[in-house]
Amino acid sequence: MRRQYVEAERAKTQTPLAIVFVGQDLYGKTDTTRAETEFRKAIELQPDGTEAYYLLAQLYIGTKEEQKALANLQTIVSKNPKDVSALMLIALIKDQQKNYAEARDAYEKILAVNPKFTNALNNVAYLYSEHFNEPEVCCRSKARELLPQ
């Protein structure tokens, strides 16, 4: 029933948002091939938007296609270099791939935008300590600023 409704709504309108909803519905049903097609259609109709890029990146992460996910996330960052969500996903993927230098760089970009982003502070401190053997660079001064007075 839901599928028929979504397909009927899609037939009525070809707006990027409607197409994204169809893609989300398909992805929820684990039909990744058709979901990918829908997200790509939404991107074609609205290349300056970011939602379809995010969803497509998440789909690729779920299907273990990290390079494709990174390409979509890089597209978002090229449009908005201060997009903390995209930078965070890039950093997490790079860390998972054991590309620690690029993960660190992405966390540093996040901190340039939001110096109090605790997840980025924590993760970059871990990288400096464990993979760059520079525990003194672990953002101690930033961490102290975040402590309750």
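1. What share of the contacts in the chain with a separation of 6 or more is accounted for by residues 24 or more positions apart? In this model, which is predicted, such residues account for 39% of those contacts. The chain contains nine helices and zero strands, and its pattern, followed along the sequence, is accordingly written α-α-α-α-α-α-α-α-α. Of the 149 residues in the chain, 38% are buried.

2. On the packing of H2 with H4: helix H2 covers residues 16–28 and helix H4 covers residues 51–62, and their axes come within 10 Å of each other, crossing at roughly 15 degrees. Because angles under 35 degrees count as roughly parallel, H2 and H4 are described as roughly parallel to each other. The crossing of these two helices is left-handed. On the H2 side the meeting residues are Leu17, Val20, Gln24 and Tyr27, and on the H4 side they are Glu51, Ala52, Leu55, Gln58, Leu59 and Gly62.

3. Leu17 deserves a separate remark. Leu17 lies in helix H2 and belongs to the set of H2 residues that meet H4, yet its relative accessible area is 46%, so that Leu17 is classed as partly exposed. The C-alpha atoms of Leu17 and Gly49 are 9.9 Å apart in space, although 32 residues separate the two in sequence.

4. On the packing of H7 with H8: the axes of helix H7 (residues 100–113) and helix H8 (residues 118–130) come within 9 Å and cross at roughly 145 degrees, and the crossing is left-handed. From H7, the contact is made by Tyr100, Ala103, Arg104, Tyr107, Glu108, Ile110 and Leu111, while H8 contributes Ala120, Leu121, Asn123, Val124, Leu127 and Tyr128. The residues of this contact divide into ten nonpolar, one polar and two charged.

5. Tyr128, which is one of the H8 residues in the contact with H7, also takes part in the one aromatic pair that a search of the whole structure finds. Its partner in that pair is Phe132, with the ring centres 6.0 Å apart and the planes at 55 degrees, an arrangement that is tilted. Tyr128 has a relative accessibility of 10% and therefore counts as buried.

6. Is Lys94 buried or exposed? Lys94, which is found in helix H6 (residues 84–96), has a relative accessibility of 11% and so counts as buried, the cut-off being under 20%. With neighbours within four places in sequence left aside, Lys94 is in contact with Leu70, Asn99, Glu102 and Ala103. Ala103 is also among the H7 residues that make the contact with H8.

7. Which residues are in contact with Asn72, leaving aside its neighbours within four places in sequence? They are Ile43, Tyr53, Leu56, Ala57 and Tyr60. Asn72 itself is found in helix H5, which runs over residues 66–79, and, with a relative accessible area of 9%, this residue is therefore classed as buried.

Notes. Residues are numbered from 1 along each chain as its sequence is written. This is a predicted model: local features need pLDDT of at least 70, side-chain atom pairs count only at pLDDT 80 or more; totals for chains, interfaces and linings use all residues. Side-chain values use heavy atoms; hydrogens and water are left out. Axes are lines fitted to C-alpha atoms, for helices over the stretch in contact, and angles run from 0 to 180 degrees between N-to-C directions. Helices (H or I, at least four residues) and strands (E, at least two) are DSSP runs, numbered from the N terminus. A crossing is left-handed if the near helix is turned anticlockwise from the far one by less than a right angle, and right-handed if clockwise. Contact means heavy atoms within 4.5 Å. Ala, Val, Leu, Ile, Met, Phe, Trp, Tyr, Cys and Pro count as nonpolar, Asp, Glu, Lys and Arg as charged, and the others, Gly among them, as polar. Angles under 35 degrees count as roughly parallel, over 145 as roughly antiparallel, 65 to 115 as roughly perpendicular and the rest as oblique. Buried means under 20% relative accessible area, exposed over 50%, partly exposed in between (1.4 Å probe, protein chains only). Rings of Phe, Tyr and Trp (its six-membered ring) pair if their centres lie within 6.5 Å; planes under 30 degrees apart count as stacked, over 60 as edge-to-face and the rest as tilted.
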